[in-house]
Amino acid sequence: MIKVEQLAKRYADVYAVDRISFEVNQGEILGLLGPNGAGKTTTMRILTCYMPATSGTATVAGYDVFRDSISVRRQIGYLPENVPLYPEMRVREYLTFRAKLKKVPSRERKVKIDECIEKCRIKDVQHQIIGTLSKGYRQRVGLADTLVHDPKILILDEPTIGLDPNQIRQVRQLIKELGERHTILLSTHILPEVEMLCGRVIIINKGKIVAMDSPSNLATQLRSGSNIVLEVRGNGEKVKNALSGIKGVKKVVWHDKGEIGNYMIEAEKGVDVREDIFSSIVKNNGVIREMKQTAVTLEEVFHQITTQEQEVTT
Amino acid sequence: MTSTGTIFQREINSYFLSPIAYVVIAVFMVFSGYFFSVMLGLTQETTLRYSLAYTQFILSILTPVITMRLFAEENKTGTIEPLMTAPITDFEVVFGKFLSAWALYNIMIAPTAFYIIFLAWVGHPDYGAIVASYVGLILMGALFVAIGLVVSSVTKNQIIAAVIGIVALLILLVLGLASSGNEGWFYSCLRYIGTYDHWETFTKGLIDTRDVVYYVSFTALLIFIVVRIVESRRWR
(Lines give C-alpha, C1' and ligand atoms only; values in the text may rest on other atoms or scores of the structure.)
Protein backbone atom coordinates (compact mmCIF):
# COMPACT_ATOMS: atom_id res chain seq x y z
CA MET A 1 0.00 0.00 0.00
CA ILE A 2 2.86 2.35 0.78
CA LYS A 3 6.09 2.12 -1.12
CA VAL A 4 9.05 4.28 -0.25
CA GLU A 5 12.19 4.33 -2.33
CA GLN A 6 15.42 6.13 -1.55
CA LEU A 7 13.47 8.84 0.22
CA ALA A 8 15.52 11.71 1.60
CA LYS A 9 14.73 15.03 3.21
CA ARG A 10 17.40 17.60 3.87
CA TYR A 11 17.14 20.63 6.13
CA ALA A 12 20.04 22.94 5.37
CA ASP A 13 23.01 20.60 5.80
CA VAL A 14 21.34 17.93 7.87
CA TYR A 15 19.55 14.93 6.47
CA ALA A 16 16.43 14.38 8.57
CA VAL A 17 15.64 11.35 6.45
CA ASP A 18 18.53 9.78 4.62
CA ARG A 19 17.63 7.67 1.60
CA ILE A 20 15.31 5.18 3.25
CA SER A 21 13.33 2.51 1.44
CA PHE A 22 10.57 0.36 2.82
CA GLU A 23 7.15 -1.00 2.00
CA VAL A 24 3.95 -1.33 3.94
CA ASN A 25 1.75 -4.17 2.81
CA GLN A 26 -2.00 -4.19 2.79
CA GLY A 27 -3.59 -4.97 6.15
CA GLU A 28 -0.34 -4.65 8.01
CA ILE A 29 0.46 -2.62 11.11
CA LEU A 30 3.97 -1.32 10.69
CA GLY A 31 5.76 0.46 13.51
CA LEU A 32 8.32 3.17 12.93
CA LEU A 33 10.50 3.09 15.97
CA GLY A 34 13.23 5.49 16.83
CA PRO A 35 14.54 7.99 19.34
CA ASN A 36 13.26 11.55 19.20
CA GLY A 37 14.54 13.36 16.15
CA ALA A 38 15.21 10.19 14.22
CA GLY A 39 13.11 11.27 11.24
CA LYS A 40 9.83 9.53 11.99
CA THR A 41 7.65 12.63 11.79
CA THR A 42 9.44 13.88 8.68
CA THR A 43 8.84 10.56 6.94
CA MET A 44 5.17 10.71 7.82
CA ARG A 45 4.85 14.30 6.71
CA ILE A 46 6.26 13.38 3.34
CA LEU A 47 3.86 10.46 3.02
CA THR A 48 0.88 12.65 3.91
CA CYS A 49 1.97 15.29 1.36
CA TYR A 50 2.54 17.93 4.02
CA MET A 51 6.05 18.47 2.71
CA PRO A 52 7.91 17.08 -0.28
CA ALA A 53 11.03 14.97 -0.16
CA THR A 54 14.37 16.34 -1.27
CA SER A 55 14.88 13.25 -3.38
CA GLY A 56 13.47 9.77 -3.82
CA THR A 57 9.91 8.66 -4.44
CA ALA A 58 7.00 7.53 -2.36
CA THR A 59 3.73 6.06 -3.57
CA VAL A 60 0.65 5.62 -1.46
CA ALA A 61 -2.08 3.31 -2.73
CA GLY A 62 -0.53 3.58 -6.15
CA TYR A 63 -0.45 7.38 -6.26
CA ASP A 64 2.74 9.41 -6.20
CA VAL A 65 2.84 11.73 -3.18
CA PHE A 66 4.27 14.56 -5.21
CA ARG A 67 2.31 14.36 -8.46
CA ASP A 68 -1.04 13.01 -7.21
CA SER A 69 -1.07 14.70 -3.86
CA ILE A 70 -4.85 15.17 -3.66
CA SER A 71 -5.55 11.51 -4.53
CA VAL A 72 -3.02 10.39 -1.93
CA ARG A 73 -4.62 12.57 0.71
CA ARG A 74 -8.02 11.00 -0.03
CA GLN A 75 -6.61 7.56 0.82
CA ILE A 76 -4.97 8.60 4.05
CA GLY A 77 -6.17 9.29 7.55
CA TYR A 78 -3.43 11.21 9.31
CA LEU A 79 -3.10 11.81 13.02
CA PRO A 80 -0.32 14.35 13.56
CA GLU A 81 1.79 14.35 16.69
CA ASN A 82 0.07 15.99 19.68
CA VAL A 83 -3.26 15.99 17.81
CA PRO A 84 -3.85 19.63 16.91
CA LEU A 85 -7.58 20.45 17.05
CA TYR A 86 -9.62 23.65 17.04
CA PRO A 87 -10.33 24.25 20.73
CA GLU A 88 -13.39 26.46 20.18
CA MET A 89 -15.36 23.86 18.21
CA ARG A 90 -17.60 21.14 19.51
CA VAL A 91 -16.61 17.53 18.86
CA ARG A 92 -19.42 16.73 16.48
CA GLU A 93 -19.12 20.07 14.74
CA TYR A 94 -15.41 19.44 14.22
CA LEU A 95 -15.99 15.98 12.77
CA THR A 96 -18.65 17.38 10.43
CA PHE A 97 -16.20 20.04 9.29
CA ARG A 98 -13.52 17.45 8.65
CA ALA A 99 -15.95 15.13 6.87
CA LYS A 100 -16.91 17.98 4.54
CA LEU A 101 -13.27 18.79 3.85
CA LYS A 102 -12.62 15.17 3.08
CA LYS A 103 -15.54 15.15 0.65
CA VAL A 104 -17.73 12.64 2.44
CA PRO A 105 -21.03 12.89 0.52
CA SER A 106 -23.64 14.76 2.53
CA ARG A 107 -26.04 11.79 2.50
CA GLU A 108 -23.53 9.49 4.18
CA ARG A 109 -22.01 12.11 6.43
CA LYS A 110 -24.20 11.63 9.46
CA VAL A 111 -23.90 7.85 9.39
CA LYS A 112 -20.13 7.98 8.94
CA ILE A 113 -19.69 10.42 11.80
CA ASP A 114 -21.92 8.33 14.06
CA GLU A 115 -19.82 5.29 13.20
CA CYS A 116 -16.58 7.05 14.08
CA ILE A 117 -18.00 8.41 17.30
CA GLU A 118 -19.13 4.92 18.19
CA LYS A 119 -15.79 3.31 17.29
CA CYS A 120 -13.69 5.83 19.17
CA ARG A 121 -16.05 5.86 22.17
CA ILE A 122 -16.56 9.59 22.26
CA LYS A 123 -20.35 9.51 22.23
CA ASP A 124 -20.65 11.01 25.71
CA VAL A 125 -18.56 14.06 24.75
CA GLN A 126 -19.84 14.62 21.21
CA HIS A 127 -21.50 17.92 22.13
CA GLN A 128 -18.67 19.19 24.29
CA ILE A 129 -16.25 21.94 23.34
CA ILE A 130 -12.92 20.39 22.33
CA GLY A 131 -10.94 22.82 24.49
CA THR A 132 -12.52 21.36 27.63
CA LEU A 133 -11.66 17.74 26.82
CA SER A 134 -8.96 15.69 28.51
CA LYS A 135 -5.93 14.56 26.52
CA GLY A 136 -7.32 11.06 26.15
CA TYR A 137 -10.56 12.28 24.64
CA ARG A 138 -8.75 14.71 22.36
CA GLN A 139 -6.64 11.82 21.11
CA ARG A 140 -9.75 9.84 20.33
CA VAL A 141 -11.39 12.80 18.60
CA GLY A 142 -8.24 12.99 16.46
CA LEU A 143 -8.56 9.29 15.69
CA ALA A 144 -12.23 9.70 14.81
CA ASP A 145 -11.17 12.44 12.39
CA THR A 146 -8.67 10.14 10.70
CA LEU A 147 -11.42 7.55 10.18
CA VAL A 148 -14.23 9.77 9.01
CA HIS A 149 -13.69 9.32 5.27
CA ASP A 150 -12.99 5.61 5.68
CA PRO A 151 -9.43 5.74 4.37
CA LYS A 152 -7.48 2.68 3.34
CA ILE A 153 -4.39 3.81 5.18
CA LEU A 154 -3.93 5.29 8.60
CA ILE A 155 -0.78 7.18 9.47
CA LEU A 156 -0.53 7.80 13.19
CA ASP A 157 2.28 9.86 14.63
CA GLU A 158 2.91 8.91 18.25
CA PRO A 159 -0.73 8.12 18.97
CA THR A 160 -0.27 7.41 22.67
CA ILE A 161 2.10 10.18 23.67
CA GLY A 162 1.12 12.13 26.78
CA LEU A 163 -1.67 9.83 27.87
CA ASP A 164 -2.08 8.16 31.25
CA PRO A 165 -1.66 4.37 31.44
CA ASN A 166 -5.38 3.66 31.20
CA GLN A 167 -5.83 5.91 28.21
CA ILE A 168 -2.78 4.38 26.55
CA ARG A 169 -4.41 0.98 26.92
CA GLN A 170 -7.67 2.19 25.44
CA VAL A 171 -6.02 3.88 22.50
CA ARG A 172 -3.87 0.82 21.82
CA GLN A 173 -6.91 -1.41 21.95
CA LEU A 174 -8.61 0.91 19.50
CA ILE A 175 -5.65 0.86 17.12
CA LYS A 176 -5.58 -2.90 17.30
CA GLU A 177 -9.23 -3.02 16.31
CA LEU A 178 -8.64 -0.57 13.48
CA GLY A 179 -5.80 -2.74 12.22
CA GLU A 180 -8.35 -5.30 11.15
CA ARG A 181 -9.78 -3.00 8.51
CA HIS A 182 -7.01 -0.54 7.69
CA THR A 183 -3.35 -0.59 6.81
CA ILE A 184 -1.58 1.28 9.57
CA LEU A 185 1.76 3.00 9.78
CA LEU A 186 2.45 4.27 13.26
CA SER A 187 5.43 5.86 14.90
CA THR A 188 6.42 5.67 18.50
CA HIS A 189 9.32 5.55 20.84
CA ILE A 190 7.51 3.40 23.34
CA LEU A 191 8.68 -0.17 22.90
CA PRO A 192 5.98 -2.30 24.51
CA GLU A 193 3.56 -0.56 22.18
CA VAL A 194 5.35 -1.88 19.15
CA GLU A 195 5.59 -5.37 20.60
CA MET A 196 1.90 -5.31 21.28
CA LEU A 197 0.60 -3.77 18.09
CA CYS A 198 2.91 -4.19 15.16
CA GLY A 199 3.52 -7.11 12.89
CA ARG A 200 6.67 -5.51 11.64
CA VAL A 201 9.04 -2.88 12.95
CA ILE A 202 11.40 -0.47 11.33
CA ILE A 203 13.98 0.94 13.67
CA ILE A 204 15.17 4.25 12.40
CA ASN A 205 17.98 6.33 13.80
CA LYS A 206 19.43 9.59 12.52
CA GLY A 207 17.39 9.35 9.35
CA LYS A 208 18.55 5.86 8.45
CA ILE A 209 16.89 2.49 8.75
CA VAL A 210 18.99 0.40 11.11
CA ALA A 211 16.76 -2.64 11.40
CA MET A 212 13.56 -3.98 9.87
CA ASP A 213 11.85 -7.17 11.02
CA SER A 214 9.13 -8.53 13.24
CA PRO A 215 9.54 -7.59 16.91
CA SER A 216 10.26 -11.16 18.06
CA ASN A 217 12.72 -11.79 15.22
CA LEU A 218 14.58 -8.65 16.09
CA ALA A 219 14.86 -9.84 19.65
CA THR A 220 16.21 -13.29 18.68
CA GLN A 221 18.52 -11.84 16.06
CA LEU A 222 20.24 -9.75 18.62
CA ARG A 223 20.23 -12.25 21.38
CA SER A 224 23.91 -12.78 22.05
CA GLY A 225 23.13 -15.85 24.13
CA SER A 226 20.55 -16.09 26.82
CA ASN A 227 20.96 -15.28 30.44
CA ILE A 228 19.81 -17.63 33.18
CA VAL A 229 19.10 -16.57 36.71
CA LEU A 230 19.53 -19.31 39.28
CA GLU A 231 18.92 -19.63 43.00
CA VAL A 232 20.40 -22.74 44.65
CA ARG A 233 20.64 -24.08 48.19
CA GLY A 234 23.81 -26.06 48.75
CA ASN A 235 27.57 -25.86 48.76
CA GLY A 236 28.26 -22.71 46.80
CA GLU A 237 31.80 -23.46 45.75
CA LYS A 238 30.89 -26.90 44.48
CA VAL A 239 27.88 -25.66 42.56
CA LYS A 240 29.86 -22.90 40.92
CA ASN A 241 32.52 -25.27 39.72
CA ALA A 242 29.93 -27.69 38.44
CA LEU A 243 28.15 -24.94 36.53
CA SER A 244 31.33 -23.67 34.99
CA GLY A 245 32.05 -27.16 33.74
CA ILE A 246 28.86 -27.41 31.68
CA LYS A 247 29.35 -27.29 27.96
CA GLY A 248 27.93 -24.14 26.44
CA VAL A 249 28.21 -22.00 29.55
CA LYS A 250 30.29 -18.93 28.93
CA LYS A 251 30.32 -17.26 32.28
CA VAL A 252 29.06 -17.83 35.79
CA VAL A 253 28.65 -15.02 38.24
CA TRP A 254 28.05 -15.97 41.82
CA HIS A 255 26.63 -13.49 44.25
CA ASP A 256 24.89 -13.66 47.65
CA LYS A 257 27.34 -16.27 48.91
CA GLY A 258 25.72 -18.12 51.81
CA GLU A 259 23.53 -21.10 52.30
CA ILE A 260 21.42 -19.95 49.41
CA GLY A 261 23.40 -18.72 46.46
CA ASN A 262 22.37 -16.66 43.46
CA TYR A 263 23.98 -17.21 40.12
CA MET A 264 23.91 -15.44 36.78
CA ILE A 265 24.78 -17.73 33.93
CA GLU A 266 25.55 -16.56 30.45
CA ALA A 267 25.21 -19.22 27.81
CA GLU A 268 26.41 -19.35 24.25
CA LYS A 269 24.14 -18.30 21.44
CA GLY A 270 21.54 -20.86 20.48
CA VAL A 271 22.43 -23.37 23.20
CA ASP A 272 19.87 -24.34 25.79
CA VAL A 273 21.77 -25.30 28.93
CA ARG A 274 18.90 -25.39 31.38
CA GLU A 275 18.54 -29.17 31.58
CA ASP A 276 22.28 -29.67 31.99
CA ILE A 277 22.27 -27.13 34.78
CA PHE A 278 19.49 -29.01 36.54
CA SER A 279 21.16 -32.38 36.40
CA SER A 280 24.59 -31.12 37.39
CA ILE A 281 23.21 -29.32 40.43
CA VAL A 282 21.27 -32.38 41.51
CA LYS A 283 24.48 -34.43 41.18
CA ASN A 284 26.20 -31.98 43.50
CA ASN A 285 23.42 -32.27 46.10
CA GLY A 286 22.11 -28.78 45.46
CA VAL A 287 18.46 -27.80 45.53
CA ILE A 288 17.19 -25.48 42.85
CA ARG A 289 14.84 -22.86 44.24
CA GLU A 290 14.51 -20.85 41.08
CA MET A 291 15.65 -21.01 37.48
CA LYS A 292 14.62 -18.38 34.96
CA GLN A 293 15.66 -17.60 31.44
CA THR A 294 15.56 -13.88 30.71
CA ALA A 295 14.55 -13.07 27.17
CA VAL A 296 16.09 -10.11 25.46
CA THR A 297 13.40 -7.45 25.24
CA LEU A 298 12.90 -5.11 22.37
CA GLU A 299 14.08 -2.40 24.69
CA GLU A 300 17.54 -3.95 24.84
CA VAL A 301 17.53 -4.47 21.10
CA PHE A 302 16.60 -0.89 20.54
CA HIS A 303 19.25 0.36 22.90
CA GLN A 304 21.86 -1.87 21.35
CA ILE A 305 21.03 -0.90 17.80
CA THR A 306 20.76 2.82 18.32
CA THR A 307 23.86 3.11 20.45
CA GLN A 308 25.89 0.90 18.13
CA GLU A 309 25.03 3.30 15.41
CA GLN A 310 26.34 6.13 17.50
CA GLU A 311 29.64 4.41 18.06
CA VAL A 312 30.04 3.98 14.36
CA THR A 313 29.33 7.58 13.49
CA THR A 314 31.31 9.26 16.26
CA MET B 1 -14.86 25.22 -4.53
CA THR B 2 -17.11 23.47 -2.02
CA SER B 3 -14.14 23.26 0.30
CA THR B 4 -13.81 27.03 0.16
CA GLY B 5 -17.36 27.19 1.47
CA THR B 6 -16.54 24.73 4.25
CA ILE B 7 -13.50 26.74 5.32
CA PHE B 8 -15.49 29.96 5.09
CA GLN B 9 -18.22 28.59 7.30
CA ARG B 10 -15.80 27.35 9.95
CA GLU B 11 -13.88 30.62 10.05
CA ILE B 12 -17.02 32.74 10.35
CA ASN B 13 -18.36 30.53 13.15
CA SER B 14 -15.02 30.72 14.86
CA TYR B 15 -15.07 34.54 14.71
CA PHE B 16 -18.39 34.67 16.47
CA LEU B 17 -17.44 31.97 18.98
CA SER B 18 -14.49 34.03 20.11
CA PRO B 19 -14.76 37.60 21.40
CA ILE B 20 -12.85 38.99 18.39
CA ALA B 21 -15.88 39.71 16.21
CA TYR B 22 -17.81 41.46 18.97
CA VAL B 23 -14.86 43.50 20.18
CA VAL B 24 -13.92 44.63 16.69
CA ILE B 25 -17.50 45.58 15.78
CA ALA B 26 -18.00 47.44 19.06
CA VAL B 27 -14.75 49.39 18.75
CA PHE B 28 -15.54 50.27 15.16
CA MET B 29 -19.01 51.53 16.05
CA VAL B 30 -17.72 53.69 18.88
CA PHE B 31 -15.17 55.46 16.69
CA SER B 32 -17.18 55.69 13.49
CA GLY B 33 -20.14 57.03 15.45
CA TYR B 34 -17.91 59.60 17.13
CA PHE B 35 -16.46 60.80 13.81
CA PHE B 36 -19.90 60.85 12.22
CA SER B 37 -21.41 63.06 14.91
CA VAL B 38 -18.38 65.35 15.12
CA MET B 39 -18.11 65.83 11.34
CA LEU B 40 -21.85 66.32 11.01
CA GLY B 41 -21.75 68.96 13.72
CA LEU B 42 -18.74 70.73 12.17
CA THR B 43 -19.76 70.74 8.50
CA GLN B 44 -23.54 70.71 8.79
CA GLU B 45 -23.55 68.73 5.52
CA THR B 46 -25.67 65.65 5.04
CA THR B 47 -22.83 63.55 3.66
CA LEU B 48 -20.71 60.63 4.82
CA ARG B 49 -17.68 61.91 2.96
CA TYR B 50 -15.80 63.52 5.83
CA SER B 51 -16.60 61.00 8.50
CA LEU B 52 -15.60 58.14 6.21
CA ALA B 53 -12.24 59.79 5.56
CA TYR B 54 -11.44 59.33 9.25
CA THR B 55 -13.03 55.92 9.32
CA GLN B 56 -10.21 54.75 7.06
CA PHE B 57 -7.76 55.06 9.94
CA ILE B 58 -9.91 52.93 12.19
CA LEU B 59 -10.30 50.36 9.47
CA SER B 60 -6.52 50.27 9.00
CA ILE B 61 -6.19 49.37 12.64
CA LEU B 62 -9.13 46.99 12.98
CA THR B 63 -8.82 44.96 9.80
CA PRO B 64 -5.45 43.41 10.77
CA VAL B 65 -7.07 42.48 14.09
CA ILE B 66 -9.68 40.58 12.11
CA THR B 67 -7.13 38.83 9.91
CA MET B 68 -4.34 38.23 12.46
CA ARG B 69 -5.54 34.82 13.55
CA LEU B 70 -6.31 33.32 10.14
CA PHE B 71 -2.99 31.60 9.55
CA ALA B 72 -0.90 32.63 12.58
CA GLU B 73 -3.16 30.67 14.93
CA GLU B 74 -3.10 27.55 12.77
CA ASN B 75 0.67 27.81 12.42
CA LYS B 76 1.03 28.08 16.17
CA THR B 77 -1.33 25.33 17.30
CA GLY B 78 -0.32 23.03 14.46
CA THR B 79 -3.86 22.68 13.09
CA ILE B 80 -2.38 23.73 9.76
CA GLU B 81 -1.08 20.18 9.47
CA PRO B 82 -4.39 18.30 9.45
CA LEU B 83 -5.83 21.13 7.35
CA MET B 84 -3.19 20.90 4.66
CA THR B 85 -3.19 17.11 4.59
CA ALA B 86 -6.92 17.04 3.86
CA PRO B 87 -7.72 16.57 0.17
CA ILE B 88 -8.10 20.27 -0.61
CA THR B 89 -5.95 22.71 -2.56
CA ASP B 90 -3.99 25.53 -1.00
CA PHE B 91 -6.04 28.06 -2.94
CA GLU B 92 -9.31 26.76 -1.51
CA VAL B 93 -7.97 27.23 2.01
CA VAL B 94 -6.61 30.70 1.36
CA PHE B 95 -9.69 31.91 -0.48
CA GLY B 96 -12.06 30.53 2.16
CA LYS B 97 -10.15 32.35 4.87
CA PHE B 98 -10.03 35.52 2.81
CA LEU B 99 -13.79 35.46 2.22
CA SER B 100 -14.56 34.88 5.89
CA ALA B 101 -12.47 37.85 7.03
CA TRP B 102 -13.90 40.02 4.28
CA ALA B 103 -17.41 39.00 5.33
CA LEU B 104 -16.69 39.98 8.92
CA TYR B 105 -15.32 43.30 7.68
CA ASN B 106 -18.58 43.94 5.82
CA ILE B 107 -20.61 42.90 8.85
CA MET B 108 -18.53 45.35 10.86
CA ILE B 109 -19.29 48.32 8.58
CA ALA B 110 -22.94 47.35 8.06
CA PRO B 111 -24.26 49.22 11.14
CA THR B 112 -23.13 52.50 9.55
CA ALA B 113 -26.27 52.19 7.40
CA PHE B 114 -27.98 53.72 10.37
CA TYR B 115 -26.17 57.00 9.66
CA ILE B 116 -27.76 57.12 6.21
CA ILE B 117 -31.18 56.73 7.77
CA PHE B 118 -30.29 59.51 10.16
CA LEU B 119 -29.07 61.73 7.32
CA ALA B 120 -32.25 61.09 5.38
CA TRP B 121 -34.22 62.10 8.43
CA VAL B 122 -32.42 65.42 8.97
CA GLY B 123 -31.87 66.42 5.32
CA HIS B 124 -31.42 65.31 1.73
CA PRO B 125 -28.23 63.29 1.31
CA ASP B 126 -26.74 62.48 -2.11
CA TYR B 127 -27.55 58.79 -2.37
CA GLY B 128 -25.33 58.26 -5.41
CA ALA B 129 -22.28 59.41 -3.50
CA ILE B 130 -23.23 57.20 -0.58
CA VAL B 131 -23.59 54.09 -2.74
CA ALA B 132 -20.25 54.84 -4.41
CA SER B 133 -18.65 55.31 -0.99
CA TYR B 134 -19.85 51.91 0.12
CA VAL B 135 -18.60 50.26 -3.07
CA GLY B 136 -15.25 51.86 -2.31
CA LEU B 137 -15.39 50.83 1.32
CA ILE B 138 -16.09 47.20 0.44
CA LEU B 139 -13.36 47.06 -2.24
CA MET B 140 -10.90 48.69 0.12
CA GLY B 141 -11.86 46.09 2.71
CA ALA B 142 -10.88 43.30 0.32
CA LEU B 143 -7.46 44.87 -0.11
CA PHE B 144 -6.98 45.42 3.63
CA VAL B 145 -8.01 41.85 4.39
CA ALA B 146 -5.61 40.52 1.74
CA ILE B 147 -2.74 42.50 3.26
CA GLY B 148 -3.61 41.19 6.71
CA LEU B 149 -3.73 37.67 5.31
CA VAL B 150 -0.22 37.97 3.85
CA VAL B 151 1.17 39.05 7.20
CA SER B 152 -0.71 36.35 9.10
CA SER B 153 0.56 33.63 6.79
CA VAL B 154 4.22 34.34 7.51
CA THR B 155 4.12 34.24 11.29
CA LYS B 156 3.08 32.08 14.21
CA ASN B 157 2.41 35.06 16.43
CA GLN B 158 -0.95 36.81 16.19
CA ILE B 159 0.25 40.00 17.90
CA ILE B 160 3.08 40.36 15.41
CA ALA B 161 0.63 39.67 12.57
CA ALA B 162 -1.66 42.44 13.81
CA VAL B 163 1.07 45.01 14.45
CA ILE B 164 2.83 44.51 11.13
CA GLY B 165 -0.52 44.53 9.36
CA ILE B 166 -1.47 47.84 10.98
CA VAL B 167 1.87 49.40 10.14
CA ALA B 168 1.61 48.21 6.53
CA LEU B 169 -1.89 49.61 6.13
CA LEU B 170 -1.01 52.94 7.73
CA ILE B 171 2.03 53.28 5.47
CA LEU B 172 -0.16 52.55 2.47
CA LEU B 173 -2.58 55.21 3.62
CA VAL B 174 0.05 57.83 4.41
CA LEU B 175 1.84 57.16 1.11
CA GLY B 176 -1.03 58.76 -0.76
CA LEU B 177 -1.69 61.51 1.78
CA ALA B 178 1.92 62.62 2.15
CA SER B 179 2.55 62.91 -1.56
CA SER B 180 -0.61 64.80 -2.41
CA GLY B 181 0.12 68.27 -3.74
CA ASN B 182 3.54 67.23 -5.03
CA GLU B 183 4.25 66.94 -8.74
CA GLY B 184 6.44 64.54 -10.69
CA TRP B 185 6.40 60.88 -11.63
CA PHE B 186 7.74 59.74 -8.27
CA TYR B 187 4.93 61.29 -6.28
CA SER B 188 2.26 60.24 -8.71
CA CYS B 189 3.59 56.70 -8.44
CA LEU B 190 3.34 56.86 -4.66
CA ARG B 191 -0.14 58.30 -4.97
CA TYR B 192 -1.12 55.44 -7.24
CA ILE B 193 0.23 52.80 -4.87
CA GLY B 194 -1.33 54.41 -1.81
CA THR B 195 -4.98 53.72 -1.10
CA TYR B 196 -6.03 57.24 -0.22
CA ASP B 197 -6.49 58.77 -3.68
CA HIS B 198 -8.40 55.78 -5.01
CA TRP B 199 -10.63 55.83 -2.02
CA GLU B 200 -11.29 59.55 -2.30
CA THR B 201 -12.78 59.22 -5.79
CA PHE B 202 -15.39 56.86 -4.42
CA THR B 203 -16.41 59.24 -1.63
CA LYS B 204 -16.94 61.94 -4.26
CA GLY B 205 -19.54 59.68 -5.83
CA LEU B 206 -17.40 58.41 -8.70
CA ILE B 207 -16.97 54.74 -9.48
CA ASP B 208 -13.92 54.95 -11.70
CA THR B 209 -12.76 51.77 -13.45
CA ARG B 210 -9.14 52.71 -12.69
CA ASP B 211 -9.81 52.60 -8.97
CA VAL B 212 -11.83 49.41 -9.20
CA VAL B 213 -8.99 47.82 -11.17
CA TYR B 214 -6.50 49.06 -8.58
CA TYR B 215 -8.33 47.41 -5.68
CA VAL B 216 -9.29 44.21 -7.45
CA SER B 217 -5.89 43.57 -9.04
CA PHE B 218 -3.96 44.47 -5.89
CA THR B 219 -6.16 42.12 -3.86
CA ALA B 220 -5.82 39.31 -6.41
CA LEU B 221 -2.04 39.71 -6.43
CA LEU B 222 -1.89 39.48 -2.65
CA ILE B 223 -4.10 36.40 -2.53
CA PHE B 224 -1.81 34.81 -5.09
CA ILE B 225 1.16 35.68 -2.86
CA VAL B 226 -0.52 34.09 0.17
CA VAL B 227 -1.13 30.89 -1.81
CA ARG B 228 2.57 30.88 -2.69
CA ILE B 229 3.57 31.47 0.93
CA VAL B 230 1.35 28.64 2.13
CA GLU B 231 2.80 26.46 -0.60
CA SER B 232 6.33 27.48 0.33
CA ARG B 233 6.43 25.11 3.31
CA ARG B 234 6.62 22.44 0.63
CA TRP B 235 9.96 23.64 -0.65
CA ARG B 236 11.45 24.92 2.58
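Predicted model: local features only at pLDDT ≥ 70, side-chain atom pairs only at ≥ 80, totals over all residues.
## Pairing in the chain A sheet

Two strands count as paired if DSSP finds at least two bridges between them.

Step back and you get an open sheet of 6 strands in chain A, ordered β6-β7-β8-β3-β9-β10, with mixed pairing. The edges are β6 (76-79) and β10 (208-213), each of which pairs on one side only. Ignoring direction, neighbouring strands are turned by 15° against each other on average. Another parallel pair is β7 (residues 153-157) with β8 (residues 183-188), both of chain A, held by 5 bridges. Within that pairing, look for A:D157, whose bridge partner in β8(A) is A:S187.

## A buried strand and the helix across it

How many of the residues of β3(A) are buried? It's 5 of the 5, so the strand is largely enclosed by the rest of the structure. A:I29, A:G31 and A:L33 point one way, while A:L30 and A:L32 point the other way.

## A:L143 in helix α5(A)

A:L143 is part of helix α5 (residues 135-147) of chain A. Why does A:L143 count as buried? Because A:L143 has 25 C-beta neighbours inside 10 Å, and the cut-off for buried is 20 or more.

Leaving out residues up to four places away in sequence, A:L143 touches A:L79, A:C120 and A:L174. A:Q170 is 27 residues from A:L143 along the chain, and their C-alpha atoms are separated by 12 Å.

## Two helices crossing in chain A

Next up are α9 (residues 236-244) and α10 (residues 274-283) of chain A, which pack at an angle of about 145° with their axes 9 Å apart. The crossing of α9(A) and α10(A) is right-handed.

On the α9(A) side you'll find A:V239, A:A242 and A:L243, which meet A:I277, A:S280 and A:I281 of α10(A). Sorted by type, the residues of this contact come out as 5 nonpolar, 1 polar and no charged.

In soluble globular proteins, nonpolar side chains tend to be buried together. Here, the largest nonpolar core has 116 residues, and those with the most contacts inside it are A:A144, A:I155, B:A101, B:V145 and B:A146. Helix α8 (residues 127-153) of chain B gives this core its largest share, 12 residues.

Take B:A146: setting aside neighbours within four places in sequence, B:A146 is in contact with B:F98, B:T219, B:L222 and B:I223. There's also a second, separate core of 14 residues, including A:I228, A:L230, A:V252 and A:Y263.

## Where chain B touches chain A

The contact draws 19 residues from chain B and 21 residues from chain A. On the chain B side, the elements giving two or more residues are α1 (2-17) and α5 (80-84). The largest share of that side, 5 residues, comes from α1(B).

What kinds of residues make up the chain B side? They divide into 7 nonpolar, 8 polar and 4 charged.

Definitions and conventions: Residues numbered from 1 in each chain as written. Chains lettered and ligands numbered in written order. Contact = placed C-beta atoms within 7 Å. Helix = DSSP H or I, 4+ residues; strand = E, 2+ residues; numbered from the N terminus. Nonpolar A, V, L, I, M, F, W, Y, C, P; charged D, E, K, R; others polar. Axes fitted to C-alpha atoms, helices over the stretch in contact; angles between N-to-C directions. Left-handed = near helix turned anticlockwise from the far one by under 90°. Core = buried A, V, L, I, M, F, W, Y, C linked by C-beta atoms within 7 Å. Buried ≥ 20, exposed ≤ 12 C-beta atoms within 10 Å, placed from the backbone.
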